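Subject: Structure handover

Hello,

Here is the structure I said I would pass on. Please have it open while you read the notes that follow.

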Amino acid sequence: MYQVLYRKYRPKNFSDVYGQDHVISTLKNEIKEGRISHAYLFTGSRGTGKTTCAKILAKAVNCENSADGEPCNACEVCRGLDNGTIYDVVEIDAASNNGVDNIRDLREEANYTPSRGRYRVYIIDEVHMLSTGAFNALLKTLEEPPAHVIFILATTEVHKLPATILSRCQRFDFKRIQPQTMAVRLKQVASLEGMTLSDDAAVLIARIADGALRDGLSILDQCGSRNKEIDSALVSEVAGLAGREVLHKLTDCVRGRDSSNALEIISDLYQNSYDMERLCVEMINHFRNFLIVKTVKKSRELIVCTDDEYHSIVEEAKGFTLENIINGLDLFQNTLTKIKSGANSRIEMEMSFIKLCEPKLDDSRESLLDRISQLERAVKSGVAVQSVREKSEDVPTSAGEEKGAGQNEKIKERTPETVPQEQTQIPPVQEKVQAPEQPQTQQIQPEPEGVSEFEHWAEFMDIIHKTDIALFGVLSGSGAHFDSGRFVIDSPNPTIKQFIQIPTHLKAIKQAVLEVTGKPYKIAVSRPKSQNQQQRDLLEDLINRAQNNVEINFE
């Protein structure tokens, strides 16, 4: 009958145990010096060697020819314990034997002397599963057992044990096996089984196993059933991973705010039966690598990957800020919690990427901090900023006229209503566009009552393109008309009023109108009512304007 690899290669000596040197050295010294405790507690995550070390310890204390604290595995006692013909070592599963009656039976059996060895050893696995009554029944025997009895308790959740149990045992904490150590063992087992395991594949298996050598051997066993030549692509396929290339593509989508392409990638993964929960975990680990690269000087030591992959991570991390990374980590952590609670995994992953690609859709604190940091960086890069206190949306006629008049002209909308406005004073700012000064002798010649279309918009825009490129972009798709001596701009852009309140932009408009028509006009803005009612993301607009080097008004 075929025996799986983690059972076939289970260590039979302390020297064969990987990654737990701090535990092994202590146990071997106790056996050599005869200072054997009556109760041991082995704690740690799954697959780290707790039960294996308990069985080796049980053999070592009963071995007839023990040398240097190791069992010989050749004497009658060692062979009998291995093949189950000697019953001096009893292994109990506390998950299924967790009642008071089970512990009472154990206490009665403990009074009998061993049949062949020197000690009767009770290995209680998953001891945290015992009931409160069972723990209480075990206390007295655990504290003062017969001289020929040793208890070895093993658990993955030591916090669930009563303090009265902890105080009666020698505690040994088993660490997660380091990926480098596990990769060495995996390559050794693969060689013994006639497999060819690449270095990348060994590291990938070690990363997936997350410190549990048993899980690593199980993955290796499954890969070996598919092909004796094992590479990282085969491991990814067997383990249901998305693959490093897919992770890089998804992060490229996040950096480029390409939600459409991100959803297409997720759809392809879903159609190929990739586990969305696993994908979420991989994205968390991927963003964690970015975080390490950004914050730790010797980050290479904390990231489990090949050198080529590490360089790719470093280069990719340059496209993200700490705020981006922390926001992504927080979002994926919440997504993982929702998936584990029963939510639709595909929808949750799609929502996560849409929020990352479209920050204005995410109102979380982390997302807002991320977006504010973008604005701060844009301002620090040299964007002109001015402070303006306004109480209305009126557009001043010019900076010079405002000083004397102290009263803004009204903005004439294409509706019968006009909105009265209060005095607005705009402090002078340095002008970016040098336009010819307006002739002082020329007086405003109002157009006749009524509305007439402005037929030279293309010429007007050509002048704006030469003098104020930022304004040209804002006015794209707009038009204009004359109304009672005013040049009224018809724009679908909801930010146009605030934008042309900046004196440099206003002056550029007035000069362009003067050059096209030969007459100076007061400037007003008109928008359809339906567009006035549209909601916009003010922070997103501010970020875009800052990144485009457009002057910003802070009201």
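A disulfide is a pair of cysteine sulfur atoms within 2.5 Å. By that test this structure, which is a predicted model, holds 0 disulfides. Cys 357 shows how the test works: the nearest cysteine sulfur belongs to Cys 253 and is 6.3 Å away, so Cys 357 is in no disulfide. Cys 357 is buried, with a relative accessible area of 0%. Cys 280 also counts as buried, because its relative accessibility is 0% and the limit for buried is under 20%.

Overall picture

The protein has 555 residues, and 48% of them count as buried. Its secondary structure comes to 25 helices and 13 strands. The accessible surface is about 28,200 Å², and carbon and sulfur atoms account for 47% of that. Among contacts with a separation of 6 or more, 74% are between residues 24 or more positions apart.

Strands of a sheet pair through backbone hydrogen bonds, and the pairing is either parallel or antiparallel.

β10 (residues 479–483) and β11 (residues 486–490) run antiparallel and are joined by 5 bridges. β11 and β12, by contrast, pair in the parallel sense, over 5 bridges. You can follow this along the residues: Gly 479 has Asp 490 of β11 as its bridge partner, while Asp 483 stands opposite Arg 486. On the β12 side, Asp 490 has Ser 526 as its bridge partner.

β10 and β11 form a hairpin with 2 residues between them. In that turn, Ser 484 has a positive phi of about 55°.

Is β11 enclosed or open to the outside? Of its 5 residues, 5 are buried, so β11 is largely enclosed by the rest of the structure. In a regular strand the side chains alternate between the two faces of the sheet. In β11, Arg 486, Val 488 and Asp 490 are on one side and Phe 487 and Ile 489 on the other, and all are buried.

β4 (residues 149–155) is mostly covered, with 7 of its 7 residues buried. Both of its faces are covered: one side has Val 149, Phe 151, Leu 153 and Thr 155, and the other has Ile 150, Ile 152 and Ala 154.

β4 pairs in the parallel sense with β1 (residues 39–44) over 5 bridges. Here Thr 43 stands opposite Thr 155. β4 also pairs in the parallel sense with β3 (residues 120–125), over 6 bridges. In this pair, the bridge partner of Ile 123 is Ile 152. Together, β3, helix α6 (residues 132–143) and β4 make a right-handed β-α-β unit.

Most residues other than glycine have a negative phi. Glu 126 is found in the loop between β3 and α6, and it is partly exposed, with a relative accessible area of 24%.

Ser 273 also has a positive phi, near 65°. Ser 273 lies in the loop between α13 (259–271) and α14. At 66% relative accessibility, Ser 273 counts as exposed, because the limit is over 50%.

A residue in α14

Helix α14 (residues 276–295) contains His 286. At 1% relative accessibility, His 286 counts as buried. Which residues does His 286 touch, not counting those up to four places away in sequence? They are Arg 244, Leu 247, His 248, Thr 251 and Glu 316.

Regards

Technical notes
Residues numbered from 1 in each chain as written. Predicted model: local features only at pLDDT ≥ 70, side-chain atom pairs only at ≥ 80, totals over all residues. Heavy atoms only, no water. Pairing = 2+ DSSP bridges. Helix = DSSP H or I, 4+ residues; strand = E, 2+ residues; numbered from the N terminus. Buried < 20%, exposed > 50% of the residue type's maximum accessible area, 1.4 Å probe, protein only. Contact = heavy atoms within 4.5 Å. Areas by Shrake-Rupley, 256 points an atom, 1.4 Å probe, with all protein chains shown as cover. Right-handed = clockwise from strand over helix to strand, strands pointing away.
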